[in-house]
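My entries follow in the order in which I checked things.

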Amino acid sequence: MLSFTKLLSFVLLAVSAGATPLAPNAKHATHRKRVIGRGLEVETYHPSVSYQDGIDFVNAVANVAFKDNKVVALGSSLVDASNIADSTPSIAVEDVIADVEEKLDGKFNGYKSVSYLARDDGSIALTHAIQIQNEDVNSWYEAFVDAHTGELINVIDFVNDLSYRVLPIWKQQPSEGIELLVNPEITAASPNGWVTSNTTAGNNVVAYKSSQSAVTTGFDYTYSTSAAPSTTNNLNAARVNSFYIINAYHDILYLYGFTEAAYNFQTNNFGKGGAANDRVLMSVQDSSGTNNANFATPPDGQSGTCRMYIWTYTSPNRDGDLENDIPVHEVTHGLTNRVTGGGTGRCLQTTEAGGMGEGWSDALAFWTEQTTGTVKDFTMGSWVVNDAAGIRSYPYSTSASTNPLRYSTIASLNEVHAIGEVWANLLINVYAALIAEHGFSTTARTNASGSEGNVVWLRLLVDALALQPCNPTLPTARDAWIQADQNRYAGANKCLLWKAFASRGLGVGAANHVDSTAVPSGC
Ligand SMILES: *[C@@H]1O[C@H](CO)[C@@H](O)[C@H](O)[C@H]1NC(C)=O
Ligand SMILES: *[C@@H]1O[C@H](CO)[C@@H](O)[C@H](O)[C@H]1NC(C)=O
Ligand SMILES: [Zn+2]
């Protein structure tokens, strides 16, 4: 939730689908290593092997998990040789073409092959891969049809020329300039793109009004802030913007580790682990409330529902769908509830842990809106309430006179958003210290490989979510950051992190909401 004035909790639970190793799409990665869950290092690789009779795989091949340099798991869940289809098609390709042409509204262009495809349930299908084109509407697909059952089981869209008229995720509110973005999707995160038809219903999210079938067709509507949110044009623009933001967020966080195996939100998980059929349900201009927003995040495998409300402080009213820090705040509840505890349970349930949930959400809204290495004060929700001070007690700031919040402030707080302000401001101070040390990457939203401060910060944030205990406290969450830095950067930022946390009272001896400004010896 966004507002600090309401106490309803929509923080539900996240449960584990097991520590399933993951296998990225072979078309986008051949070798990859990461740490998931509690220090489990997963290495995925794609030897260019053929399984039976020289038939290639189109996606996952094999994966191995290491801990302390020992193999602890073989990813047999994905490549189950006992569950591999017979290599001789029982249905001829000629017999499936007409059906696929009809489904994809195009004509077979002559390109075909036979390949294996790993499915979400662990089985391996033998498929006819055929290309279907339609010159009139400029569509071009590769369809994968089960060569034994005739079922259409996957579609790859070769045409990636979709444009979205939106407020880019690095901007906060409409007066900063709505733009037409061309191909904003990140293929490594969304291999089939964001769109399955020409509407705001895709693999990562469906953005709708009232009913899930009430989506917008096309992605080019210009929001007018001088008209009511409810005008047809503004409603369309709102659905497109929220569709875009949830997708853009999905893709960024995917690069930083919020993948299928880390319990993210997708309809099709492409055989890469986690539970499928849980894209985000984005209810724009939801009529069940005003002046707020919320995101209910049930376990992996069940869609989370995000309700975006109209704000009534101005005339015409303003729509939370058009202030990007609001949907980013909400969808971050999905990240933190799903990743904390390795997806094993209700892990942000105590007041302090729920408060940190609000803090991460504000901190991600801050991160996505950074465009330079100058760390400026940041306010949440300032456009929807038409007040530069926004909806929190203080601007987020590295200045202790602008924002005096310290760890010990929590002693007198019992409301999650107020506690979240303390945690978010601590994290923003950590961010500023990392930027000062390592600089700023302008490509951090599309490339998580850099060594710059904003890349390091988001890496550590996501890694730490998976490392921290269920129902963390500020000190245990801080410890997870130190551990994440040890795991990923061999502790290169240890003293920097301690000093930044200690600067707001979360030093070595901090406990029971009593400050400590101490740092470890040697720092
Ligand atoms: C998508 O819908 C828009 C709006 O109706 C239309 O202008 C556009 O041509 C459509 N694009 C495709 C590829 O069908
Ligand atoms: C991502 O960043 C790394 C490190 O700066 C760089 O080596 C790599 O080329 C970048 N990748 C892309 C696709 O730009
Ligand atoms: Zn919230």
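Before placing any residue, I note that helices (H or I, at least four residues) and strands (E, at least two) are DSSP runs, numbered from the N terminus. The model is predicted, so I keep in mind that local features need pLDDT of at least 70 and side-chain atom pairs count only at pLDDT 80 or more, while totals for chains, interfaces and linings use all residues. Residues are numbered from 1 along each chain as its sequence is written, and side-chain values use heavy atoms, with hydrogens and water left out.

**Annotated sites.** I looked up the UniProt record, whose positions are given in the numbering used here, with shortened feature names and annotations that may be inferred rather than shown by experiment. Its unreviewed entry lists Glu-330 as "active site", and I find Glu-330 in helix α3. Glu-330 has 0% relative accessibility and counts as buried (under 20% relative accessible area, with exposed meaning over 50% and partly exposed in between, for a 1.4 Å probe and protein chains only). The "binding site" feature of the unreviewed entry is placed at Asp-161, His-329, His-333 and Glu-358. Of these I checked His-333, which lies in helix α3 (residues 325-339) and is buried at a relative accessible area of 2%.

**His-250.** I then turned to His-250, which is found in helix α2 (residues 232-255) and is buried, with a relative accessible area of 9%. What does His-250 contact once its neighbours within four places in sequence are left aside? Taking contact as heavy atoms within 4.5 Å, I list Ala-189, Ser-190, Asn-204, Asn-264, Phe-265 and Gln-266. His-250 and Phe-265 are 15 residues apart in sequence, and their C-alpha atoms are 8.0 Å apart in space.

**Helix packing.** For axes I use lines fitted to C-alpha atoms, for helices over the stretch in contact, with angles from 0 to 180 degrees between N-to-C directions. The axes of helix α4 (residues 351-368) and α6 come within 12 Å and cross at roughly 155 degrees, and α4 and α6 are therefore roughly antiparallel (angles over 145 degrees; under 35 is roughly parallel, 65 to 115 roughly perpendicular and the rest oblique). In this contact Trp-360, Ala-363, Leu-364 and Trp-367 of α4 meet Asn-454, Trp-457, Leu-458, Leu-461 and Leu-465 of α6.

The axes of helix α5 (residues 416-438) and helix α6 (residues 453-467) come within 7 Å and cross at roughly 140 degrees, which makes α5 oblique to α6. Residues making this contact include Leu-427 and Tyr-431 of α5 and Val-456 and Trp-457 of α6.

Conventions. Chains lettered and ligands numbered in written order.
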